[in-house]
Amino acid sequence: MADGPDMENRDPNNINDHLQVAFEDVFAEPDHAHSLDCVWRNSYKCFNCTKNCCYLALTTLCSIFVAFCWACEFATLTFYHVWYVTPCFKVCEIELGCCKKFYSLCMRCALDPLCEACGLLFSAFKK
C-alpha cells in the first residue's frame, strides 16, 4: 500500500462480484417480446448515463465520509480483538488447562480398565 491503491483493478479480491449492475445484467427482452430498437437503444443510454452520474455524485459527496466511518469501525474492531478478545481466550485457555488435565485423568481412571478388560475379553477369541 506504499504506492497507493491500484487504480486499474479496484476489486483485486473480487469481493463485489455479486454486484452485476450493467444494463444487460438487469434488463433482457425475450425473443417474443421486443420493444422498438430506438427505445431499447435509448433505454440503454439512459440507464448507463443515469447510473454513472448518480454513482459519481454519491461517491463524490459521500465516499470519503463513509470510508472514514468504516476505518473507525475496523480500527475499533481490531483494537477490541487485540486488547480484549485474544487475551480473554488466553485466560480461558490457561484457566481451563487444569480442568482439561482433571477431566483427562478421570476419563483414564474410568475408561482404561474398562477398555483393557474388553481387550482381554476379545483377545480370547481366535480364528
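1. The sulfur of cysteine 115 lies 6.5 Å from the closest cysteine sulfur, that of cysteine 118, which is too far for a bond, since a disulfide is taken as a pair of cysteine sulfur atoms within 2.5 Å. Cysteine 115 is exposed, at 52% relative accessible area, where exposed means over 50%, buried under 20% and partly exposed in between (1.4 Å probe, protein chains only). A search of the whole structure finds zero disulfides; cysteine 92, for its part, has its nearest cysteine sulfur, in cysteine 88, 6.7 Å away.

2. This is a predicted model, in which local features need pLDDT of at least 70 and side-chain atom pairs count only at pLDDT 80 or more, while totals for chains, interfaces and linings use all residues. Residues are numbered from 1 along each chain as its sequence is written, and side-chain values use heavy atoms, leaving out hydrogens and water.

3. The whole structure holds seven aromatic pairs, meaning rings of Phe, Tyr and Trp (its six-membered ring) with centres within 6.5 Å, called stacked if the planes are under 30 degrees apart, edge-to-face if over 60 and tilted for the rest. Phenylalanine 23 and tyrosine 44 pair edge-to-face, at 5.3 Å centre to centre and 80° between the planes.
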